[in-house]
Amino acid sequence: MHHFDYSFLKDEVPGRLVNLSNILYDIRANDSIRLRNNLKTYEKLQSVAIIDSVRSSNAIEGIQTSEKNLNELMKNNSKPSSHGEYEILGYRRAMEEIFSFPSLELSAKYIRHLHSLILGPVSED
């Protein structure tokens, strides 16, 4: 394991904060190892997280559908039958994009992009 020399920060940053940053670094390093060793489990957890997030967030907006319909929409096995189901698909697209990047830089432009994924194109043709 790499040890960093933070002695130059002695008077600038409290030692406890430096300790916490080292712990976070170790957790992140171990996380990549766990990801490589358990890729299928991580993919399944990600899929469950996306479905739960889509269900919950849309329910907050008053958009609901049956569990069967939600699962079919999430797998792209059915066509949306209402405006709300188009929004469910849009939210799924946004979540898949978020999960596809190892890190994201949030900006007003990117938030607008995610919003456009969620709401557009919303059509019922």
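Glutamate 96 and arginine 92 both sit in helix α4, four residues apart, so about one helical turn separates them. Helices here are DSSP runs of H or I with at least four residues, numbered from the N terminus. This is a predicted model, in which local features need pLDDT of at least 70 and side-chain atom pairs count only at pLDDT 80 or more, while totals for chains, interfaces and linings use all residues. Residues are numbered from 1 along each chain as its sequence is written, and side-chain values use heavy atoms, with hydrogens and water left out.

Let us stay with that opening pair for a moment. Glutamate 96 forms a salt bridge with arginine 92, and their closest N and O atoms are 3.3 Å apart. A salt bridge here is a side-chain nitrogen of Lys or Arg within 4 Å of a carboxyl oxygen of Asp or Glu. Buried means under 20% relative accessible area, exposed means over 50%, and partly exposed lies in between (1.4 Å probe, protein chains only).

How many salt bridges does a search of the whole structure find? The search finds three. Side chains of opposite charge can pair when their charged atoms come close.

Now move to helix α2, which covers residues 39-60. There, arginine 55 forms a salt bridge with aspartate 52, with 2.7 Å between the closest N and O atoms. These two residues are three apart in helix α2, about one turn of the helix. Arginine 55 is partly exposed at 29% relative accessibility, and aspartate 52 is partly exposed too, at 34%.

Arginine 55 has another partner to look for. Its side chain meets that of glutamate 67 in a salt bridge of 2.6 Å, N to O. Because arginine 55 lies in helix α2 and glutamate 67 in helix α3, this pair ties together parts that are twelve residues apart in sequence. Glutamate 67 counts as partly exposed, with 43% relative accessibility. Through shared partners, salt bridges join Asp52, Arg55 and Glu67 into one network.

Next, see how the helices pack. Helix α2 and helix α4 (residues 83-100) pack at an angle of about 140°, and their axes are 10 Å apart. Axes are lines fitted to C-alpha atoms, for helices over the stretch in contact, and angles run from 0 to 180 degrees between N-to-C directions. α2 and α4 are therefore oblique to each other. Angles under 35 degrees count as roughly parallel, over 145 as roughly antiparallel, 65 to 115 as roughly perpendicular, and the rest as oblique.

Helix α3 (residues 67-74) also meets α4: their axes come within 10 Å and cross at roughly 50°. That makes α3 and α4 oblique to each other as well.

Finally, turn to helix α1, which spans residues 15-37. Isoleucine 27 is found in this helix, and is partly exposed with a relative accessible area of 47%. Along with Leu17, Leu20, Ile23 and Leu24, Ile27 forms a nonpolar patch on the surface, with about 480 Å² of accessible area together. Patches are made of residues with over 30% relative accessible area and no salt bridge, where like charges are joined within 9 Å and nonpolar side chains (Val, Leu, Ile, Met, Phe, Trp, Tyr) within 5 Å. Accessible areas come from the Shrake-Rupley method with a 1.4 Å probe, and for residues only the protein chains shown count as cover.
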